[in-house]
Amino acid sequence: MAIATQGTASNYLQRAPSPSGLADVVELILDKGLVIDAYVRIAVIGIELITIDARIVIASVDTYLRFAEQVNRLDLTQTEAAGLKELRDGGGNGDGKAKGMAEGAKDALSGDGDRKQERAERG
Amino acid sequence: MVAVESPITGSADASTATALYLYGVTWAEATRPQPGAGVHGESVDAVAYREVAGLTSTIESTKVPAKRRDLLRHAEVLGTALEHGTVLPLRFGVVFENATALVEDLLLPRYAELVQLLGRFEGRVELSVKAFFREEAILAEIVQANPRIARLREATRDTSDGSTYPLRVELGERVAGQLQERTLRDRQALLDRLSRLALDVQVDQQPIEHQVLGASFLVERERVAAFDDALNELAQQQAERMHFKYLGPLAPHSFVGLNAEGR
């Protein structure tokens, strides 16, 4: 495939019409939107549990050790041959990307071990 | 031009202890009933004042707990309303005593401001974009681009004893630094491409692991297709190292604000 036409590009990434996961909806309607402070707000329960959805990056030795461990776990034999494209380099063509995308979506939902719990509500 | 009378629905007086939940404010002529679509499964009705209207549900009391489903319904009610016209979305959980209170405390005193805001967002929608690095791909990229990191990795692989501790800390710190650098660089590149198609942008500055970009774009409805194309092109180019989440069209949650109200 030499050229990605506009037609195929448009179908590549689906735009969801409304948030389906709790994390997204919380971000959208608990953090944003008009606030009218003078009036009663109804009680929101159980939300604290899921607002900590994503891991905030904190510079610490623990974080560094975790990154070191992740890097050490990498299997570079597959990626070395492929040669990854960086954004500023203009990327590449669309060969085989659909497969990567589908796998990525799966990754995003399951995450790795210790993140599973934090992300559970995303599904 | 529709001049709708002040609400008559206030007849359910305070003694019944019901309350009026408010989702958002729209043009009175754009309101449509949404039976059973609201919080707690209640119907969504309109309380109009002159040309504006609040989208509301009568709920049993202010003490009712909100659940996951209610949060989703709040968003869905606004999404449906957006199909019929411009909507100013409220944050979740705002309740008025009754329809009279809604008119007297919000729609009437803030009328000019609400009309002006509705005008400002006419034909404009919010699109939410998130981009995340694929962990393995970005880490591999970092190792391959940095000889020092690659050497440290070789030196510390298959070890976890105290002797390599300083090397592992150095490795992790360098990886974290590279990750940060690539995040900022790629975030800017994505913003450069997408901002051209938007009237306004709100970027989430919270450093979330592997999140390259979290941003809301205010876009003319006519340009949503162009925005789709631009984002799809980026997603396709970056598929090996990033994945995206794309949401919209939404009411302008990230861009509305009343004077003297914190956002």
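Visitor: At roughly what angle do the axes of helix α6 and helix α7 of chain B cross?

Guide: Two packed helices are described by the angle between their axes and the distance between the axes. Please bear in mind that this is a predicted model. Here, α6 (residues 165–195) and α7 (residues 224–237) of chain B have axes that cross at roughly 155 degrees and come within 10 Å. Angles over 145 degrees count as roughly antiparallel, and α6(B) is therefore roughly antiparallel to α7(B). The crossing in which α6(B) passes α7(B) is right-handed.

Visitor: Which residues of α6(B) and α7(B) meet?

Guide: From α6(B), L190(B), R193(B) and L194(B) take part, and they meet A230(B), L231(B) and L234(B) of α7(B).

Visitor: Which residues meet in the contact between α4(A) and α6(B)?

Guide: On the side of α4(A), the residues include Y64(A), L65(A), F67(A) and V71(A). On the side of α6(B), they include R168(B), V169(B), E173(B) and A176(B). The residues of this contact divide into 10 nonpolar, 2 polar and 3 charged.

Visitor: What confidence does the predictor assign to chain A?

Guide: The mean pLDDT of chain A is 59, and 38% of its residues score at least 70. Among the elements of this chain, α4(A) has the highest mean pLDDT, 92, whereas helix α6 of chain A (residues 97–110) has the lowest, 33. For residues 1–10 of chain A the pLDDT is below 50, and this stretch has 16 contacts in the model beyond near neighbours in sequence. Residues 89–123 of chain A also stay under 50. For them, the model has 43 contacts beyond four places in sequence.

Visitor: Is chain B more spread out or more compact than the globule rule gives?

Guide: Chain B has 7 helices and 9 strands. Its radius of gyration is 24 Å, well over the 18 Å that the globule rule gives for 263 residues, so chain B is more spread out than a compact globule. Along the principal axes, the C-alpha atoms of chain B fill a box of roughly 75 × 40 × 35 Å.

Terms used
Residues numbered from 1 in each chain as written. Chains lettered and ligands numbered in written order. Predicted model: local features only at pLDDT ≥ 70, side-chain atom pairs only at ≥ 80, totals over all residues. Axes fitted to C-alpha atoms, helices over the stretch in contact; angles between N-to-C directions. Helix = DSSP H or I, 4+ residues; strand = E, 2+ residues; numbered from the N terminus. Parallel < 35°, antiparallel > 145°, perpendicular 65-115°, else oblique. Left-handed = near helix turned anticlockwise from the far one by under 90°. Contact = placed C-beta atoms within 7 Å. Nonpolar A, V, L, I, M, F, W, Y, C, P; charged D, E, K, R; others polar. pLDDT = per-residue confidence, 0-100. Rg over C-alpha atoms; globule rule 2.2 N^0.38 Å.
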